[in-house]
Amino acid sequence: MKLEVFEPRIVAFVCNWCTYIAADAAGVARARYASNVRLIRTMCSGRIDPQFIMSAFEKGADGVLMCGCHPGDCHYREGNYKALRRYILLKRLLPQLGINEDRLRLEWISASEPEKFRRVADDITEQIRQIGPLIENGGE
Amino acid sequence: MADKPKVAFYWCASCGGCEEAVVDLAEEILDVVEAVDIVFWPVALDFKVEDVEAMEDGSIAVSFINGAVRLSEQEEMAHLLRQKSQLVIAFGSCSHLGGVPGLANLWDKASIFDYYYVSGPTVEHGENIEVPEVKIEVPEGTLELPEFWDEVKSLDQVVKVDYYLPGCPPTVKIVSNAIKAILSGDLPPPGSVLAGTRALCYECPLNDSKPEKLLVKEIKRVHEVEIDPETCLLAQGLLCLGPVTRGGCESLCIEGHMPCTGCFGPLDEVLDQGAKGLSFLSSIIDADEEEEILQILDKVPDPVGVFYRYSLPRLSLTSKKEVKLGG
């Protein structure tokens with residue numbers, strides 16, 4: 001195990017109207033980014049139920065990325081604000097459970113920002129690689 | 001006598017409130033005693049474990065087990081009663097979801113023992129304090145204690161549970177309804193929670209005063225306000241978990257002018273009560289700027305304690321501690 005490089009598993013919940021299109025554009029442009037990030041498309045960042053995030057961590061994700069439209073740009077007017085509030089509260093909850101809060105990240109990435117998507121995907125992968133795997137009793 | 005269905009009651013990691021809830025049946029308990037034969041009830045009757053062991057498998061019609069499972073002894077008893085019973089009913093929040101004792105899952109055995117026997121502020125230092133051992137030799141012989149698990153579990157994480165009676169404690173009404181249903185054989189599909197199927201808000205007496213669109217600019221804690229008994233508590237800024245909690249409790253806390261804390265657990269559609277509660281609160285906060293949101297949420301200093309108060313053992317994530325917590 002020690003010889004292997006730790007490859008983080010990152011689940012990204014991305015909004016259909018912005019980040020998903022950006023990720024698609026990044027792919028069409030053949031931009032290279034970390035393959036550690038697995039996308040799950042939701043219709044809005046406001047659809048990202050905190051249950052999804054907890055479940056991702058429970059089932060083996062080392063990091064979770066929430067992506068939505070920039071403030072003011074939500075297709076459904078206020079879904080991204082709900083995502084922001086959930087994110088803030090989750091960031092407070094995770095350390096209580098003994099989970100590094102940096103494992104959860106929220107980013108606003110519009111449809112016209114494939115480069116930002118690429119950067120964020122690489123960046124969170126490196127960040128989680130630094131933090132290490134989320135394993136049972138890892139802090140013991 | 002022999003024809004009466006046999007019933008057992010047992011308690012695991014609990015406060016005794018669930019036993020009280022059985023006694024609270026008051027006169028109705030006489031009907032129960034009339035209809036059944038109580039064969040095991042450590043808190044009230046002098047039957048021993050050997051008596052249960054001597055019974056034939058499946059000879060107990062129904063076992064009501066309250067409390068969470070924290071010790072090896074509780075796990076053994078749960079297995080024993082499961083083997084001897086046709087139906088096992090998780091009685092109360094702790095048995096159903098892990099309950100308040102389940103909050104201990106924020107720590108593990110080592111840190112709990114360290115705090116309570118070595119480093120806690122009420123422990124006198126410098127002495128040779130002995131941490132309880134499972135087996136200890138004394139001049140009189142060997143003494144044994146049950147083993148203390150790293151984690152608190154809900155009953156269904158240990159044995160198969162047929163039905164759940166939620167609540168901290170379950171109300172007289174749902175207990176007597178459940179007993180009647182069991183005696184008459186008129187039971188819902190196995191695995192059901194024997195309480196309401198809709199959120200508490202549906203039956204809340206203050207529901208009429210709930211605004212069309214519920215938004216909260218300021219969260220108030222119960223000790224900070226004089227509660228208006230006529231207005232929806234959420235509309236008053238009190239964090240009431242009614243919208244995400246199973247109903248069937250007759251709104252007892254609301255009638256007592258206290259917000260719901262979620263003891264009846266999540267609705268059938270919800271897997272993670274805490275995450276759902278967190279989601280709900282986030283949805284009604286009336287602020288879009290990060291700073292303002294943070295300021296409003298300052299009144300929720302302990303999200304785990306608020307949202308996972310009764311259901312932390314259901315979250316397997318607690319076994320993935322990477323930051324050492326507590327004292």
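Visitor: What radius of gyration does chain A have, and what would a compact globule of 140 residues have?
Guide: This is a predicted model, where local features need pLDDT of at least 70, side-chain atom pairs count only at pLDDT 80 or more, and totals for chains, interfaces and linings use all residues. Residues are numbered from 1 along each chain as its sequence is written, while chains are lettered from A and ligands numbered from 1 in the order in which they are written. The radius is taken over C-alpha atoms, and the globule rule is 2.2 Å times the number of residues to the power 0.38. A compact globule of 140 residues would have a radius near 14 Å, and chain A agrees with 15 Å.

Visitor: What pattern does chain A follow along the sequence?
Guide: Chain A has four helices and four strands. These are DSSP runs numbered from the N terminus (helices H or I, at least four residues; strands E, at least two). Read along the sequence, the pattern of chain A is β-α-β-α-β-α-β-α.

Visitor: What percentage of the residues in chain A is buried?
Guide: The C-alpha atoms of chain A fill a box of roughly 45 × 35 × 20 Å along the principal axes. A residue is buried if 20 or more other C-beta atoms, placed from the backbone, lie within 10 Å of its own; 12 or fewer make it exposed, and in between it is partly exposed. Of the 140 residues in chain A, the buried share is 49%.

Visitor: Which helix gives the most to the side of chain A that touches chain B?
Guide: Contact means C-beta atoms, placed from the backbone, within 7 Å. By that rule, 29 residues of chain A are in contact with 29 residues of chain B. Helix H2 (50–58) and helix H3 (79–96) of chain A each supply at least two residues to that side of chain A. With twelve residues, the one that gives the most is H3(A).

Visitor: What radius of gyration does chain B have?
Guide: Chain B has twelve helices and nine strands. Its C-alpha trace spans about 65 × 60 × 30 Å along the principal axes. With 327 residues, a compact globule would come near 20 Å; chain B agrees, at 22 Å.

Visitor: Which strands are the edge strands of the open five-stranded sheet in chain B?
Guide: The strand order in chain B is S2-S1-S3-S5-S9, with parallel pairing. Two strands pair if DSSP finds at least two bridges between them. Pairing on one side only marks the edge strands of chain B, strand S2 (37–40) and strand S9 (163–165).

Visitor: Which strands of the sheet does helix H4 of chain B touch?
Guide: Within the sheet, six bridges join strand S3 (residues 60–66) to strand S5 (residues 85–91) of chain B. Helix H4 (residues 72–84) of chain B packs on this sheet, its direction making about 135 degrees with that of S5(B). Axes are lines fitted to C-alpha atoms, for helices over the stretch in contact, and angles run from 0 to 180 degrees between N-to-C directions. The strands that H4 touches in chain B are S1 (6–11), S3 and S5.

Visitor: How many residues of domain 1 and domain 2 of chain B take part in their contact?
Guide: An automatic or database assignment gives the domain bounds. Chain B is divided into domain 1 (6–100 + 151–184), domain 2 (107–149) and domain 3 (200–318). The centres of domain 1 and domain 2 of chain B, taken over C-alpha atoms, are separated by 30 Å. Their contact takes from domain 1 of chain B five residues, and from domain 2 of chain B four residues.

Terms used:
Contact = placed C-beta atoms within 7 Å.
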